[in-house]
Amino acid sequence: MGSITFEKGQKLQGYLIKEVTQLETIDSVMIQLMHMKTKARHIHIYNKDKENTFGVFFRTVPKDSTGVAHILEHTVLCGSKKFNVRDPFFSMIKRSLSTFMNAFTSSDWTMYPFSTQNSKDYYNLMNVYLDAAFSLGLMN
């Protein structure tokens with residue numbers, strides 16, 4: 001897999017490596033990290049695949065069957081503080097080189113994934129997704 005080594009307990013750019021697991025069946029290494037300041041969990045799968053994939057996942061455990069989590073999934077992708085457009089998600093679809101872009105709500109989690117083979121596109125999409133997800137869909 002290369003000369004890069006990660007070890008449990010290692011600190012890396014504000015993260016603490018919690019586990020390093022070989023995923024032999026897919027020729028990959030899974031690195032589980034925790035952001036030391038926010039305690040957010042981050043999973044990185046290191047491999048030689050040309051696809052660059054990213055996703056933001058949230059626990060959205062329902063209190064009833066009204067579908068609030070699914071409504072919020074759509075609302076989150078309708079705005080952004082940093083990008084002053086009505087619907088950044090659909091604007092990205094038109095301009096991106098992404099090979100996959102979507103959002104999903106399950107019974108107890110919501111995720112916002114995308115993938116692309118272009119590294120500049122990857123960082124642009126990640127910037128928009130993170131801003132939308134963590135700004136709660138609020139526009140300036």
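Q: What share of the residues in the protein is buried?
A: In this predicted model, buried residues account for 29% of the 140 residues.

Q: And how many helices and strands are there?
A: The protein has 3 helices and 8 strands. Along the sequence they follow the pattern β-β-β-β-β-α-α-β-β-β-α.

Q: What box do the C-alpha atoms fill?
A: Taken along the principal axes, the box is roughly 45 × 35 × 30 Å.

Q: Let us turn to the core. Which residues of the largest nonpolar core touch the most other members?
A: That core has 16 residues, and those touching the most other members are Phe-54, Phe-89, Met-92, Met-101, Tyr-112, Phe-114 and Tyr-129.

Q: Which elements give two or more residues to this core?
A: They are strand 5, helix 2 (88–95), strand 8 and helix 3. Helix 3 gives the most, with 6 residues. As a general background, nonpolar side chains tend to be buried together in soluble globular proteins.

Q: How many aromatic pairs does a search of the whole structure find?
A: The search finds 8 aromatic pairs. One of them is formed by Phe-54 and Tyr-122, which are edge-to-face at 6.4 Å centre to centre, with 85° between the planes.

Q: Which parts does that pair tie together?
A: Phe-54 lies in strand 5 (residues 52–59) and Tyr-122 lies in helix 3 (residues 119–134), so the pair ties together parts that are 68 residues apart in sequence.

Q: Are Phe-54 and Tyr-122 buried or exposed?
A: Phe-54 and Tyr-122 are both buried. For Tyr-122, the relative accessible area is 13%, which is why it counts as buried, the cut-off being under 20%.

Q: Why is the pair of Tyr-122 and Tyr-123 edge-to-face?
A: The ring centres of Tyr-122 and Tyr-123 are 5.0 Å apart and the planes stand at 85°, so the pair is classed as edge-to-face. The angle needed for that class is over 60 degrees.

Q: Is Tyr-123 buried or exposed?
A: Tyr-123 is exposed, with a relative accessible area of 56%.

Q: Which residues form one aromatic cluster with Tyr-122 and Tyr-123?
A: Phe-54, Phe-114 and Tyr-129 belong to that cluster together with Tyr-122 and Tyr-123. Phe-54, Phe-114 and Tyr-129 are also among the core residues that touch the most other members.

Q: Now the surface. Which residues form a nonpolar patch there?
A: The patch is formed by Phe-57, Phe-100, Phe-104 and Trp-109, which together have about 380 Å² of accessible area. Trp-109 lies in strand 8 (residues 109–116) and is partly exposed, with a relative accessible area of 32%.

Q: Staying in strand 8, what about Met-111?
A: Met-111 is also found in strand 8, but at 13% relative accessibility Met-111 counts as buried. The C-alpha atoms of Met-111 and Thr-60 are 9.7 Å apart in space, while the two residues are 51 apart in sequence.

Q: How many bridges join strand 3 to strand 4?
A: Strand 3 (residues 28–35) and strand 4 run antiparallel and are joined by 6 bridges. Leu-33 has His-42 in strand 4 as its bridge partner.

Q: Finally, where is Gly-9?
A: Gly-9 is in the segment before strand 1 and is partly exposed, with a relative accessible area of 45%. Gly-9 and Val-20 are 11 residues apart in sequence, and their C-alpha atoms are 9.8 Å apart in space.

Key. Residues numbered from 1 in each chain as written. Predicted model: local features only at pLDDT ≥ 70, side-chain atom pairs only at ≥ 80, totals over all residues. Heavy atoms only, no water. Patch = residues over 30% accessible without salt bridge, like charges linked within 9 Å, V, L, I, M, F, W, Y side chains within 5 Å. Areas by Shrake-Rupley, 256 points an atom, 1.4 Å probe, with all protein chains shown as cover. Salt bridge = Lys/Arg side-chain N within 4 Å of Asp/Glu carboxyl O. Helix = DSSP H or I, 4+ residues; strand = E, 2+ residues; numbered from the N terminus. Buried < 20%, exposed > 50% of the residue type's maximum accessible area, 1.4 Å probe, protein only. Phe/Tyr/Trp six-rings, centres within 6.5 Å; stacked < 30°, edge-to-face > 60°. Pairing = 2+ DSSP bridges. Core = buried A, V, L, I, M, F, W, Y, C linked by side-chain atoms within 4.5 Å.
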